[in-house]
Amino acid sequence: SLPVLVDPLIQYYRIASYLKFDNTRIQKYVLVCGHINATSVNEFLKEFLHPDHGDKVTHVVFIDPTYPSPELKTALSRHDRTHFLIGSVLNSNTLQKAKLKDAKACIILANRHCSDQVTEDTTSMFYLVSIKNACSSVPVITQVLSTGSKDYIGNIQGWNPEKDVVLCLNELRLGILALSASCPGASTLISNLFYASGDLKTSGGWQSLYLEGAGNELYEVPFSHSFE
């Protein structure tokens, strides 16, 4: 029957659209790999493409070995500056298809809820090595979970501390919590300043004062050395 013949063709062209990336009409873009699913993509895009940042041209290319789930496709469809490429960052052909050399940066996301932090960080470091071997000049932002992983990353060939960034999520979280022990409320203040909250509404009272402060974000400002 006709559906039996047409359905395989539809599936083929759907998959084919995720096997290439055309950057000829794109001014700027970043590559995102690592822990890619509907939740992580939603969280990333909500912040990265937030209109308050004033960036209306940068596109985001997600790279993952598996075909996107319906939930992930829905997350991508909410934004017109997103792309998805099926492939592995460990494969040089995939990095060529992703036009790594023309990317403004490459971001490696970690799974914050994984059961084995060592394996998760090791995988992220493998991704980093592959990216740096393919193009050492591309800035890379790497998320890791263990503080010890930062020392290993600093020894990877091609790593440039002046433009590459390694962010230890546990270290950041525990550091903010420790600060709150000596200065109650510090964690809330810092989180509100660095998180794009969007439109907030309240009926009034103290909530309105709180949301007024939470509605202001801090993107870039020189800090005193004491904050280090």
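A term to begin with: buried means under 20% relative accessible area, exposed means over 50%, and partly exposed lies in between, with a 1.4 Å probe and protein chains only. This is a predicted model, where local features need pLDDT of at least 70 and side-chain atom pairs count only at pLDDT 80 or more, while totals for chains, interfaces and linings use all residues. Residues are numbered from 1 along each chain as its sequence is written, and side-chain values use heavy atoms, leaving out hydrogens and water.

The protein chain has nine helices and six strands, taken as DSSP runs numbered from the N terminus (helices H or I, at least four residues; strands E, at least two). Of its 228 residues, 36% are buried.

Now the charged pairs. A salt bridge here is a side-chain nitrogen of Lys or Arg within 4 Å of a carboxyl oxygen of Asp or Glu. The whole structure contains three.

One joins Lys150 and Glu171, with the closest N and O atoms 2.9 Å apart. Lys150 is in helix H6 and Glu171 in helix H7 (residues 169-182), so this pair ties together parts 21 residues apart in sequence. Lys150 is partly exposed at 27%, and Glu171 is partly exposed at 35%.

Another joins Lys132 and Asp164, also with a closest N to O distance of 2.9 Å. Lys132 sits in helix H5, and Asp164 in the loop between helix H6 (148-153) and strand S6 (165-168), 32 residues apart. Both Lys132 and Asp164 are buried.

Arg112 and Glu43 also form a salt bridge, at 3.4 Å from N to O.
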